[in-house]
Each structure stands twice: as C-alpha cells, then as structure tokens.
Amino acid sequence: TCVLFVFGWCFKVFWWKFGRFWLICNTSGGRICNRMSSTTPEWLEDCKRHVTETNEWKSFTVELFDAVQQQLTESHVKYFSDLSEAEKELFMERAVRAIQHGSSFTTLNSQVSKMLDMALNNEVARELLEDHPVNTKSDLVLGHARDGAVSLLQRWPDMRDKLHLCLNQPLPPTLRQLAWKLHLRNSKLRRQYATAVKTESPSLKSPWHREICQKCEDILQSEPTFKPLANHYGVLTAMQSVLSYYHASLQTASTLPDMDYLLLVPFLAVTQNTLSVDTAAGDNAKALLVEEFITYMAQRPGYMRESGVRDFSDEKLVFADTVADLLQHHDDHLATAISTAFGADKGNPNRTNLVEGLKTLLQPLLRVMFVGYLQLDCLLYVWDQYIIGLDVPPYQVLPTISTVLLMLLREHFFKCKNSHQMEQVLNSHSRKLHTHQFQYEINKRFYRTLHAQIHKDDKSTMPVLDPTQSVGMPPPWTHWSVEKLPPRQKAHDRRQAREEREAQRLRFVEQQKAEVELKQEDELARRREEERQLELALQESRRQQDQERVALEQELDTERQLRYELQKRADDQISMLQKQIDELKRQKDTKPKSAAPSETLSAISLKAPPPSAATHVTSTWPVPASPARSEASQAPPGTPDAVKAETIMRDLVGRIMQGTNWLGHGTGAEKDSLDQQTRQSLQAYNKDRREAEIEIFGRRISSRDWNSMASGERTDTKGRLADVVRRKVEQRYGTSGGR
C-alpha cells in the first residue's frame, strides 16, 4: 500500500514537473522532451503519452500558461526565459498555487489516477497471460509500482521528500537503497574518495588497518543478529575498507570505538544485494558506502555520540525527558515500574528517577541506534523511519521508537526488581521483536503525531496522499481488483466439464502422437528414397566400371594378338635367314673355289623376303647399310675365305638383331607410345613398391636396411612386398592376374 501511495504521488509530481518543463520550452521557443528517463518502464511511458493527448491535460497547461503569463505581465517581464532559475521557480510556485484548487487541476488529477490505474492493470494482465506466471497479481502490481516510483525518483531526486508517505512502512529493498542514497548523498566526499583511490593515496588505509580488519571479521561472525552478513566476502571487504578510510580521515591516534563498527552494518545490509559473495567489493560500492556512512556520522544527534561531545548531557537529558513524557502518557504503569526499579536504592520513585533510569537504560541502545538489539529486517525498518525524515528537523522518531520498544517489553519489565535486570531484559528480549509489532503500536498511538511532525515544514504545492485520510485523494483504483467471478456449478456439471477436459487432453495427446508418427514415417520414407538413390548411383558406377574393364580387356587382347603376330613374323624371318645361312654354307663346301662367293652371297642377301600382313599395316622399315657388309664388299683381293665368311656372318647377325629390335619396339610413333607406357608402368610400380614398404614397415626401406637383413628374412620381405604390389596392381586394373 505504501509503495502504491508513493508511486501515485510521484506520478502526479511528474506531471507537475512535466508541465513546468513544457511551459518553459514553449515560452522560449523550444520543443518538449518525449522521454522521462532511459529506465522508465514502458507502461509508464504509454500512460504519459495517453495523458498528454487528453483534453484535461490541454486545459491544465493552458491555465498554467495563463497564470504564468499574468505574473510576467504584473512584473513587467517580456519573456519567461529572461528570468533566472530562482525567479522561474518562484513564478512556477505562484502559478501552481493559484490553480491548484481549480477545476482543471482536480480534473487532471482524477484523469491521471484513472489512466495510471488502467495502464498498470493492463501491464499486469499481460504478464498473467503467460504460460506459467510465477508471481501473483498483487506481487506484480506492487513490483511495477515500485519500479515506477524508483524510476521517477531517479529522474527527479529533489522529490525525495515525497517519501514521507512511507511513514511507518518498511521500504522495499530497491526503493530503500535509492532513498538512503538521496538523503545521505555528498558529492564532495565521493570525489575525495575517488581521487584517493585513483592516486592510491596513503589516506585510504588507517595505521590501525590490520586491527580494524580483524575486528570487522570478528563482529560479523560473532554477533547473532548479523547472520545474513556472515561468510559474505564482499560485505567483509567493503566494511574493512570503509572503516579504515573513515579512521584515517579522523586523524586520531586511538582506534575506532565499537559503536562505529556497528553503525556501518545497516549500510552493508542495504547494499548486500549489489556485492558478490565470493569476490571483493568494487570501488563504486565502496565509494557509495563511504559517502553515506560519513554523511550519516556527521548528521547524528548529539545524544548518539561519545560522552565527550559538547552538549551531550543536555541532549541526552532532553531525549530521556521526551521518552518519559510519552511513556507516562501512553503507559503509566510501565513508567512507574521503571521509576521503581531505578529508584529502589533511594526508596523514592519519582519522575527524576524515571528520567535518570531511561537515560541509563537507553544510552547503550541509542549510541548504536538499535544495531545489535533488533533483527536486521526490523532494524532496517527503524532506520527507514529515521532517514526519510532527515530533511525535516522537527521530525523526531527515535524517542517514539524507543518508547514503543519499552512498551513491547512491558511484561518482562514488570518482573524486574532492579535496574540490572531491566538491562538484561532489554539486551536479550529485544531481538525477538518483529516489524509488525512496531507498526501496530505506532499506528495505534503515535501516527498522528509523527505525521504532523514530518509534514510540518512541507511547503509542497501539490496535494499529499495521506494513507489515514480520504479527503483530497483521487478516486480509488478499481481496474486491477475487478475480476469476473466464475459461475457456480453443480457436481455433475463439474464432473462433465472435467471429463470433457480429460477427453480433450486425450485427443490432444493422440493428435500429438499421430503427428510424431507421421513425422517418423516421413523421415523413414525420406531415408528410403535416399538409400534407393544411392543404390542406383552405385549400380550406375559399377556398370561404368564394368564397361571400362571390358574395354580395357579388349584392348589388352588386341595388343597381345598384335604382339603375337609380330613375334611370329620375326621368328619366321629368323628361321628363313637361318636356312639361308645353312644353304650358303653348303654351297660354299660344294662350289668350286674359282667362284666368287661374295657375288653369290650378295645376290642371295639382297633377295626380298616374302610379303606378310605387317607389310600392309606398318610402314616400310629403312635398311641402313651395314658397316660389316661394306667392309666385306670392299675387302682387298687376296683376303682369306674364312675371314670373309666371318665378316658376312657378323653382318647377317647384326641385321637380324636390328630387325628383331624393330619388330619388338616398333618405330616412329609406335616406339614413342611404347616408351611412354613403359615409363608409366615403371612409375606405377615404384609408387606401389614405396606404398608397400610403408604399409608393411611404416617407413621406406633403405639399402642399409636391406644389407642388415639375413638372407631368409630378405627373401621373406621380398615375397611380402611382391604380394602387396600385386594386390595394388589388381585393384588398379580390376584383373585377377595383373597387367
């Protein structure tokens, strides 16, 4: 409820600020800004846009413009932009004060509240339509209201006094962090700390730094009310750094008092969510803590400081006297019990004993401002009530909080016989109190007084939303709480509806199952089609390989037949020549010696051989002149016949070898083709031989390796290499016998 009040009022303040900015921009020829803040929620932006389009907004801005223009005319000022900032503020204050009770302002106030209600409800309804919403509708409404209030306060921090509406209400964590920051900000302290960090100044650490660090760790681990902060490394490092810097800034020779350690704990609890559990605190978090803590320590009342401070006794006495008045007015029996306990030794319980007893009883609690006496959630609530009123001097909430604390422990105080027992009750039983107990007592007895104090110096020109009154408030929000109730049904109708839902669920399950099966069938058909396509491609590839293999076999058979015929012709010619040689030898033996053997041999040798099939296919081979024949034909007279016969035989054998070479290797293009094929075969064989060595031994075999092998091992290795080479040749040509 408090968050909604804060948000509603801040939103109305926003429209006042927005109207003033619109007026300033239009009177000076400028243009209005269409954005509130980069962090403003989207639904709040939409609400702003809808309000600016209404007739109520136009009427309000026109009336505000006229009021300012009237003041300009009365002050003989031509343009609003000619005024200083202070004068602009004064003119705007007067203009708003002049129209705040008019119909246009009241109508706009009602319209803003209505549209804000609708925008917030629409945003919450949109989130509730999600599949599995985590938060309830109330949580979503409060959460969005909190975010809107925080964004507006960040946009206009000078509106922090509107947090007075949170009187007797604990602030949400996000709003609490922002509220403390706004009330305790001190840019000078922040700049000094940032400069010290940047320059690594020695003032960052106190001479007692090690003792301070050890004591911080001991306090967080030993104090029962600090359990949420124990074992939190970020909180520990932040506490050590802030206190060390604070002690160094005091420039005192003595160490820090214990109460300074405790007074920093609430600030650590507020910033706990921004610190890491396992890593040290960052410089930005430390700078914020330094700024807030030192500012708070400087603004503390005198009765919370050390006894050596000036006016300490007077302020302490005034505080105790105030608590005594409140206690006697609201719980006179408890006041009498305290006076009796502290005046037991003197035997005369009176008001003086009551005041002195309250001074003694409350002084330890006030010096640490309830830290260590209350649980953290209750402690932060008390600090919220104190901090939101720092800008209002007449607002004194600590005497009220102290009185309520004593009243909540009244049953235990009645059992005490002396002051020592009362101090023990205060130390032990105060930790069992809860926030709602303080809220109840304050609402019941003290709220009107505190509300009057905190709004005593409030000079705001805008209406204030008081949670205890309804006068001047906008109409209540209804959209977010109006819901259509479900119709009442009988048992059989509910059973029938349940059966229908179950049947619908089963149909949906069956439909999903059918869709899954259909998807699986489609996937299976697609895979089968892919397999069929792959099988067809494999068959086509095999058919092409078979055709290529048959063609190669046919070419091989043709080449073998051709070589066979050439070899046969060569053998026939050799046989014929051998017969001719034998015939010449017989003729030599039977012929008379006067005959000229050279002439007869020349005639026989020059006889052409019979034609064959090769003579029609191949070209005629040239027959170069044999040197032996030339020498025989040119032999000088008187040469012996044996020498001539040997010369003739050499010439004949040379011609036979040359003819055989021509028959085996061919001539011209045929010879080049055979040479090319022979080189390719040799290269393929060498490649297969290298791959076989790598396949068997994992590397190439050098001549040194061959020489180091035994004869049996070398033979076995050659056999293995030959098998691998033969297998590779068969794989290459697709034949079982190689090529």
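**Figure 1. The crossing of helix 8 and helix 13 in the predicted model.** In this predicted model, helix 8 and helix 13 cross with a right-handed sense. Helix 8 covers residues 187-199 and helix 13 covers residues 283-299; their axes come within 9 Å and cross at roughly 140 degrees. Helix 8 contributes Ser187, Leu189, Arg190, Tyr193 and Val197 to the contact.

Figure 2. Gln272 belongs to the loop that lies between helix 12 (265-270) and helix 13. The relative accessibility of Gln272 is 18%, so this residue counts as buried, the limit being under 20%. Leaving aside residues up to four places away in sequence, Gln272 touches Pro228, Leu229, His232 and Val235.

Figure 3. The largest nonpolar core has 105 residues. Phe293, Tyr296, Phe370, Trp383 and Leu406 are the members that touch the most others. Helix 17, residues 376-387, gives the most to this core, with 9 residues. Tyr296 touches Leu184, Leu263, Phe267, Met304, Met369, Trp383 and Tyr386, when residues up to four places away in sequence are not counted. A second core of 30 residues is separate, and among its members are Val51, Ala95, Val124 and Leu140. In soluble globular proteins, nonpolar side chains tend to be buried together.

**Figure 4. The packing of helix 17 and helix 21.** The axes of helix 17 and helix 21 (residues 435-454) are 9 Å apart, and the helices pack at an angle of about 35 degrees. On the side of helix 17, the contact is made by Asp377, Cys378 and Tyr381. On the side of helix 21, Thr435, Phe438, Gln439 and Ile442 take part. This contact of helix 17 with helix 21 has 4 nonpolar, 2 polar and 1 charged residues.

**Figure 5. Gln439 and Asn168, two residues in contact.** Gln439 is placed in helix 21 and counts as buried, at 17% relative accessibility. Apart from residues up to four places away in sequence, Gln439 touches Asn168, Gln169, Pro170 and Tyr381. Asn168 sits in the loop between helix 6 (137-155) and helix 7 (173-183). With a relative accessible area of 2%, Asn168 is buried. Asn168 is not a glycine, yet has a positive phi of about 65 degrees.

**Figure 6. His76, a loop residue with positive phi.** His76 is found in the loop between helix 3 (55-74) and helix 4 (85-99). The phi of His76 is positive, near 60 degrees, in a residue other than glycine. The relative accessible area of His76 is 76%, so His76 is exposed, the cut-off for exposed being over 50%.

**Figure 7. The chain as a whole, for orientation.** The secondary structure of the chain consists of 29 helices and 0 strands. The chain has 739 residues, of which 37% count as buried. Among contacts between residues at least 6 apart in sequence, 75% join residues at least 24 apart.

Terms used: Residues numbered from 1 in each chain as written. Predicted model: local features only at pLDDT ≥ 70, side-chain atom pairs only at ≥ 80, totals over all residues. Heavy atoms only, no water. Core = buried A, V, L, I, M, F, W, Y, C linked by side-chain atoms within 4.5 Å. Buried < 20%, exposed > 50% of the residue type's maximum accessible area, 1.4 Å probe, protein only. Helix = DSSP H or I, 4+ residues; strand = E, 2+ residues; numbered from the N terminus. Contact = heavy atoms within 4.5 Å. Axes fitted to C-alpha atoms, helices over the stretch in contact; angles between N-to-C directions. Left-handed = near helix turned anticlockwise from the far one by under 90°. Nonpolar A, V, L, I, M, F, W, Y, C, P; charged D, E, K, R; others polar.
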